[in-house]
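Please read the following report alongside the sequence and the coordinates. It takes up confidence, helix packing and a few selected residues in turn.

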Amino acid sequence: MTSTPPGDADSQSIEASSRPTPRLLLVDDEPGLRTAVQAYLEDEGFQVTTAVDGLDGWEKAQQLMPDLVISDVMMPRCDGYGLLEKMRGDERLGGTPVIFLTAKGMTADRTQGYVAGVDDYIPKPFDPDELVARVRNVVSRQDRLLTEAARFADADVGQMARQINEIRSMLSGSAEAAAAADTPQLSFTPREASVLQLVAEGLMNKEIARQLETSIRNVEKYVSRLFIKTGTSSRTELVRFALQNRLVD
């Protein structure tokens, strides 16, 4: 039997205590089940907000920006699929994990959920401990994905900042800067322009996502679009192009 060194145990405890409480949005039109599941999840340490149907869930999701949505499928006004479609089409909520709770248990129904973009699917009646285990699994998986994406995005922040400073110095008062009066006519969406400005300031994807209140995945998508529109293939080339052509401040 191996034991954890006291220092390691302390650091793990501090790390665990410093993590923010996962924010869950529970969407279900059955008051009894909604209350029971909310109480059980809160006892397990989650922060839970409830909604009575898909429309209510959609409004609260936009306000809360939850870490995970747990939704019934069959609901009035807007069902689970309608809520999922709204979320997957939204820039800020597109990457939010969703678990479906439903009385349906047929394979075809589960397949429909997965095709629509649901992350997990639990048929009613369900064991509360299984629900908690699946919620923890989905939240942990999302945390791992975001951490890994951030690690790669921020791998070379110092080098990127130095390169940007070198490009700015090189262009300052140079013939290249003077020739930039011929700025190419490029069309950027407001969000693309914002991302371009922040990239030129040396921010990496995680920082850009935080400033624009969107996901790292969406930032990567915008950067890719900028590469295509400007004919560049790296952040350094993109910044050089933007500075040369006075596309950023």
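The model is predicted, and local features need a pLDDT of at least 70, side-chain atom pairs count only at pLDDT 80 or more, and totals for chains, interfaces and linings use all residues. Residues are numbered from 1 along each chain as its sequence is written, and side-chain values use heavy atoms, with hydrogens and water left out.

The pLDDT, which is the predictor's confidence in each residue from 0 to 100, has a mean of 78 for the protein, and 74% of the residues reach 70 or more. Over residues 7-18 the pLDDT stays under 50, and the model has one contact beyond four places in sequence for them, where contact means heavy atoms within 4.5 Å. Residues 175-181 also have a pLDDT below 50, with eight contacts beyond near neighbours in sequence. Where pLDDT is low, the predicted coordinates should not be read in detail.

Helices (H or I, at least four residues) and strands (E, at least two) are DSSP runs, numbered from the N terminus. The axes of helix α9 (residues 190-200) and helix α12 (residues 235-244) come within 9 Å and cross at roughly 105°; axes are lines fitted to C-alpha atoms, for helices over the stretch in contact, and angles run from 0 to 180 degrees between N-to-C directions. The two helices α9 and α12 are therefore roughly perpendicular to each other, a class that spans 65 to 115 degrees, with angles under 35 counted as roughly parallel, over 145 as roughly antiparallel and the rest as oblique. In this contact L196, V199 and A200 of α9 meet R235, L238, V239 and A242 of α12.

In helix α10 (residues 205-212), the buried residues are N205, I208, A209 and L212, where buried means under 20% relative accessible area, exposed over 50% and partly exposed in between (1.4 Å probe, protein chains only). On the other side of α10, R210 and Q211 are exposed. The helix α10 is followed by E213, whose phi is positive, near 55°.

Leaving aside residues up to four places away in sequence, M87 touches W58, V69, L93, G94, T96 and V98, while T102 touches D72, V73, Y121, I122, P123 and K124.
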